[in-house]
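Here are my notes on the aromatic contacts and on one strand with its neighbours. Please read them with the model open.

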Amino acid sequence: MSNNLLAALPEELTRFTQLPNAEGHNAVWDFAKSPDGRFYVSVCGENEKPLTALLYEYYPKTGDIRLIFDVANAWIVDARQMPPSKIHTSIDFLPDGRLIMATHNTAPAPGHKQWMYEQYYEDPWEGFPGSIVMIVDPDTNEVQVRGIPVPRESMYGGMLGNDPRFYYFLGYMRGHFYRLDLETNEVKDYGKVSEFSSCRLVKDREGRLYGSSYTGGVWRYDPATERIENAKARFTSPNGTKHRRQFIFAVHSPRNTIFMVDNMDGELLELDPETLEATNHGPIHLPEQRPVNPYGIGGLAADDDFVLYYGLKTYDGYSPIRLVRWDVLNGGAPENLGLVTPAGKDSQYLCEMIFDDEGKLHMVDVCGEFSPYILAVDAKKLRPPGPDAPNAALRPYSEPDYNGVGAPAYMHIVARDTRTVPLHQHMAWPDTAVRHMRYANGKLYAVTGRERAMLLELDRDATEPTKATVVSASAPISCLDWEDDAILLLTDDGRVAVLDLAGVGVRSAAEPTVSSGVKLSALHCALGGGAALASDENGALYSLRIATGACAPLPHAGSVPPGGGIVRLDGRRLLLSGRNDELLLYDAAEGSCEALEARAPSIRGRAFLATVTGGVTLADGTIVAGTRDGLLFTLSPDLRRRTTYGRLFSAGELRRFVRLGDVVAAGVYGGSKDAGHVFRFSPAEGFVDLGRPRVIKDNNDLRDVDTEWASIHYISCLAYATEDDALWVASGELYGCIVRYEGVAVPVGGSSGGERA
């Protein structure tokens with residue numbers, strides 16, 4: 001009997017429940033069943049209107065619903081800010097029967113033309129304040145708000161540990177994994193585990209938690225050791241890197257394994273928690289329907305016999321999502337059960353599906369013309385529709401274009417060619433945080449590592465290191481370019497090493513001889529004569545002779561303020577900060593220090609944040625520098641005239657300056673909590689934001705670029721190759737990467753395009 005792919009699910013086997021959508025709520029992103037068999041559903045607003053999330057109890061026997069609360073009544077929502085529009089994959093159940101959950105945001109603030117979460121990330125008035133954690137009593141409707149665990153972060157994938165004191169969750173913006181202690185309110189940040197936006201966690205019987213990156217790399221967290229490890233399993237796609245491959249659904253099997261599937265071009269992986277062995281059972285599409293275009297999965301559930309049910313969304317022409325069944329443990333193949341289109345209400349996507357205690361399957365429709373609704377189906381009676389089954393009367397539907405701004409809302413750095421080096425796919429994750437980069441001899445060299453130091457070598461067009469050498473058993477804390485072919489490295493145990501780029505190895509260096517109780521914490525620049533400028537934990541400056549290790553205080557130099565930097569003007573003169581907005585000129589040859597008449601620019605009342613955090617000298621002697629408060633300024637070659645150019649955002653320092661030729665400088669905006677941008681400066685064009693190192697293929701500029709995804713939040717450093725006009729941007733976090741931009745464009749007008757530098 002041939003299978004009829006145009007037939008719908010039989011109406012007589014289904015029951016339709018419309019969820020409230022009169023105000024514009026168009027989605028559900030959490031549908032959960034409690035241990036005592038009660039169902040809860042979050043009704044959400046997405047894309048278009050500034051709505052807040054609603055939580056309902058759903059009664060599977062009757063299809064009735066009961067409102068428990070509206071987030072707007074539980075939390076003060078500022079009318080100018082982005083609202084808590086969702087409760088997203090975060091509902092879990094405390095031992096006493098109460099629910100714990102968190103809000104998420106994908107809806108605009110009133111007055112915004114579209115949802116622009118990252119664009120407004122650091123806006124104090126119109127951004128997203130951060131997700132709130134709530135504990136809800138479903139019997140009394142009482143909502144206990146626990147506050148915002150991570151300011152400005154939106155929470156995904158919340159789950160209680162086996163120890164219910166701890167609530168774990170993922171961050172949308174930064175891709176970090178967090179733990180909230182419900183007894184002490186302490187939040188622990190375990191670092192970056194995804195490029196960004198990974199929305200699901202699953203827990204094994206031992207309480208170990210599993211998640212994945214946006215690009216399909218599976219990882220595990222063990223509460224016993226409090227460590228994250230690479231599970232080695234990876235979701236891949238026949239379409240290469242074009243689409244996201246993140247893990248989105250999971251079910252536990254009778255043989256103590258976890259079946260996991262990714263959301264685009266899905267394949268079914270079976271993971272053994274004890275061995276971390278992964279078995280690939282193949283793609284989720286139908287054997288008789290091999291999609292040309294990418295396909296997605298919507299919902300995943302297993303019946304009492306562990307037969308899998310899920311929604312399959314294809315894009316080879318118009319089609320509602322269809323329900324598919326797969327008896328995977330018995331060697332079956334995916335089989336079509338029919339299109340989800342009750343009474344002509346075509347479903348475009350199913351976010352979740354759950355079996356009740358009577359074997360009925362409850363599926364939640366989202367983001368369509370009639371959304372959201374719940375369709376209950378008697379799965380036991382379903383059979384694949386034969387050739388005599390009538391075709392569904394389809395109503396072709398296209399989702400509205402919610403992009404009210406268009407290309408001017410894009411934030412990525414525009415370049416002639418963009419290439420991501422995903423270090424996390426080729427190295428141990430703790431080794432991928434980049435400390436320093438230098439381009440020399442036609443290659444890029446990078447010092448990486450958090451628990452040990454490594455020296456990486458990358459060819460011009462490499463997407464993985466061609467060489468990786470372990471150079472120390474201790475972690476790198478500071479580096480600087482040294483001589484013509486070396487990098488100077490300071491490790492956390494106070495040792496200094498010279499990294500030979502020609503041999504990609506280590507030259508011996510004498511151990512610094514410092515006074516008792518003094519520990520060097522930073523290297524700043526070369527002083528000439530084989531000496532480097534270093535500072536200790538209190539900011540005191542030293543001349544360190546690399547050949548002998550002799551380390552002497554720099555006379556009359558004062559100290560570097562916290563968070564401050566030093567700008568090397570030439571072979572003997574240094575620019576550094578004094579008190580508040582004071583600028584000091586130090587002459588290393590004479591050992592003298594004088595205060596300049598010119599001062600660092602400051603915001604009125606915050607001169608104490610005018611500390612210089614970095615800078616560079618252009619070919620004509622003009623000094624370009626930035627402050628801890630984010631102000632960019634120049635000093636004329638004679639150090640008498642200061643020109644101030646303003647700031648990019650409301651917070652964040654300017655640092656890691658590099659020269660792009662004789663008259664152009666670039667640098668990094670933002671510290672560890674900011675969303676890092678790369679900026680450009682030239683006297684002719686002024687201070688320009690080049691954008692974020694964000695290779696996210698949600699726009700026409702990047703959609704078809706044949707490279708891996710990336711989203712660097714904390715930018716650690718830059719490097720520039722003059723011969724290729726290539727700017728390298730590196731991540732300073734776990735799960736790190738480097739992005740290479742050849743021919744960076746300078747934005748013009750309001751478009752995403754630009755003109756070559």
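The points below take the ring contacts, then the strand.

1. Basis. This is a predicted model, in which local features need pLDDT of at least 70, side-chain atom pairs count only at pLDDT 80 or more, and totals for chains, interfaces and linings use all residues. Residues are numbered from 1 along each chain as its sequence is written, and side-chain values use heavy atoms, with hydrogens and water left out.

2. Aromatic pairs. The whole structure holds 30 of them. Rings of Phe, Tyr and Trp (its six-membered ring) pair if their centres lie within 6.5 Å; planes under 30 degrees apart are stacked, over 60 edge-to-face, the rest tilted. F16 and Y373 make a tilted pair, 4.7 Å centre to centre, with 45 degrees between the planes. This pair links distant parts of the chain: F16 lies in strand β1 (residues 14-18) and Y373 in strand β29 (residues 373-377), 357 residues apart. Strands (E, at least two residues) are DSSP runs numbered from the N terminus.

3. Burial of that pair. Buried means under 20% relative accessible area, exposed over 50%, partly exposed in between (1.4 Å probe, protein chains only). F16 counts as partly exposed because its relative accessibility is 31%. Y373, at 0%, counts as buried.

4. A second tilted pair. F177 and Y190 sit 5.6 Å apart, centre to centre, with 35 degrees between the planes. F177 belongs to strand β13 (residues 176-181) and Y190 to strand β14 (residues 187-192), 13 residues apart. Both F177 and Y190 are buried.

5. Ring cluster. Ring pairs join W115, Y117, F128, Y156, Y172, F196, Y214 and W709 into a cluster.

6. K345. Its charged end sits over the ring of F16, 5.3 Å from the centre. The charged end of K345 also sits over the ring of F370, at 5.8 Å. The criterion is NZ of Lys or CZ of Arg within 6 Å of the ring centre and within 35 degrees of the ring normal.

7. Strand β37. Five of the five residues of β37 (residues 496-500) are buried, so the strand is largely enclosed by the rest of the structure. V496, V498 and D500 point one way, A497 and L499 the other. In a regular strand the side chains alternate between the two faces of the sheet.

8. Partners of β37. Strands pair if DSSP finds at least two bridges between them. Strand β36 (residues 486-491) runs antiparallel to β37, joined by five bridges. L489 stands opposite A497. Strand β38 (residues 505-507) pairs with β37 in the antiparallel sense over three bridges, and L499 stands opposite V506.

Key: Helices (H or I, at least four residues) and strands (E, at least two) are DSSP runs, numbered from the N terminus.
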